[in-house]
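Colleague: Please take a close look at one part of this model. I would like the charged pairs and what surrounds them, with cut-offs.

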Amino acid sequence: METVDWGYVLSTLAIRYIAIFMVLTLLIILLTVNGAIVSKLTAIKAKKKERPATPKKPEKEAPVSPRNPTTDQITPETLAAIGLAINLYQNQQMNQKTILDESNRNVSEDQWRLAGRQAQWNKRR
Amino acid sequence: MGIEEFFQIFQNIVFQMGIVHLTLGHVVMWAVGLLFIWLAIAKEFEPLLLLPIGFGIFIVNFPLAPLMDTPHALLRVFYHYGLEWEIIPCVIFLGLGAMTDFGPLIANPKTMIIGAGAQLGVFVTFIGTVAFGFTLKEASSVSIIGGADGPTTVFLTMALAPHLLGANALAAYSYMAMVPLIQPPIVRALTSKKERRIRMKQLRPVSRLEKILFPIIAFTLIGLLIPTIIPLMSMMMLGNLMRESGVVNRLADTAKNALMNMVTIFLGLAVGATMTSENFLSPKPLLIFGFGIVDFAICTMGGVLTAKIMNLFLKDKINPLIGSAGVSAVPMAARVSQKMAAAEDPENHLLMQAMGPNLAGVIGSAAAAGFLIAMFR
């Protein structure tokens, strides 16, 4: 069995344990510095992108179209959708007025009757 | 042919059969091998390694099996080229690097100190094992088990005490699988409820450039300070650079999947193959298993205590639960921290913060191994 120099073993172990801390602390410092540099570079790049290097010449204004720009931008599909929405809204108003009007509050709330009344009203229309 | 000649041939045939040479030691080792296979299949304890290791133990303990006895025997070839040449641990580190996102560590580098603190057990166990009659080289190889890093344990053991490879690797991988059982009671005993409920600041986003620069910076530093560990760290950082660069996805994918899986098979079989009844059935492997668990517990304590000491100086407090992740069982130890934090406060998500010390633990245990190799080779 080999003889152990405990003094040497303990001291070298302690030093090496501390050395691990030192190595990783150095790595922390390097990573922190690296992080700071990279984020600064990124910020500078982002600023450059936001602010162009040379001021742009004012662009010539495009000739104004004689047509009405607001109605030109609306497609026929959008127009149809708006029309449908208005129609539906009006119908709903009418239905509410007839079926759930204050004057009809005395009518029984029975579901069958209510449905029948609505069907009749729709036929009349 | 005379009757005597007939009996001679018959005797030869019988003696060429394994069953005649079967000993109690062989049968005990079959039981050990089958136990690890059972643990892998039924309990799912590190199945990727324990299954081939268990099977390796099982097959190598068949009498007269031509697996390890000659230089060209199958498992001897795996062992020679994979482990004696120290190729397999390095290739596994390549895969680990390709798998690992170091973002949480880069975002909060001060957690690296926890990774260093968690190496406490390595040095304490070293003293204990020497006191129990292990040689300095053997003690180094046993003490690294607590670092909870399989490939580092294999690398160091092959460098200093190759005859202990089987027991050391088996202890390291078994205890890694048992992290969820070993760590929680130790951490609970060392922390108060209030400390376990500490909420940490969300990590900052890490840019791609930082992630690309990390392997180069880390390797330059570690390579200059601990050259003995260059084979492991260089491979790990190469794998990570392949991953983060994004230009060699095919290589990164191969390193972390196909290549890693292949070498895992060879590693498992080669480690298992070293565990013959002559090598394993002695008091040393039992002592190694005993010291392994003590080592693991002290490493966990070291991580938690380091986090608590750091809290004395930090403005933004660290939840000491992430201290236990300083042992490098990635990502199991980090998951344990997350689970314990969620048990105290379901809104407290610590996983990403715990990944920092967890990855630092990998670097820390490799550094500890490097120092031990430099000291005793």
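Modeller: Start with Lys308(B). Lys308(B) is partly exposed, because its relative accessible area is 25%. The scale runs as follows: buried is under 20% relative accessible area, exposed is over 50%, and partly exposed lies in between (1.4 Å probe, protein chains only). This is a predicted model, in which local features need pLDDT of at least 70 and side-chain atom pairs count only at pLDDT 80 or more, while totals for chains, interfaces and linings use all residues. Residues are numbered from 1 along each chain as its sequence is written, chains are lettered from A and ligands numbered from 1 in the order in which they are written, and side-chain values use heavy atoms, with hydrogens and water left out.

The side chain of Lys308(B) forms a salt bridge with that of Glu195(B), at 3.3 Å from N to O. The rule asks for a side-chain nitrogen of Lys or Arg within 4 Å of a carboxyl oxygen of Asp or Glu. Lys308(B) sits in helix α18 (residues 283-313) of chain B and Glu195(B) in helix α13 of chain B, so this pair links distant parts of the chain, 113 residues apart. Helices here are DSSP runs (H or I, at least four residues), numbered from the N terminus. Glu195(B) is buried, since its relative accessible area is 19%.

Salt bridges with shared partners join Lys193(B), Arg196(B) and Glu344(B) into one network. Within it, Lys193(B) reaches Glu344(B) at 3.2 Å, N to O. That pair spans 151 residues in sequence, from helix α13 to helix α19 (residues 332-344) of chain B. For Glu344(B), the relative accessibility is 14%.

Now Thr191(B). Thr191(B) is in the loop between α12 (179-190) and α13 (193-196) of chain B. Thr191(B) counts as buried because its relative accessibility is 8%. Leaving aside neighbours within four places in sequence, Thr191(B) is in contact (heavy atoms within 4.5 Å) with Arg196(B), Val304(B), Lys308(B) and Pro320(B). The side chain of Thr191(B) also reaches the backbone oxygen of Val187(B) at 2.7 Å.

For scale, the whole structure has 9 salt bridges over all chains. Across the interface of chain A and chain B the rule finds 0.

Definitions and conventions. Helices (H or I, at least four residues) and strands (E, at least two) are DSSP runs, numbered from the N terminus. A polar contact is a pair of N or O atoms within 3.5 Å; within protein, one must be able to donate a hydrogen and the other to accept it, and residues adjacent in sequence count only if both atoms are side-chain atoms.
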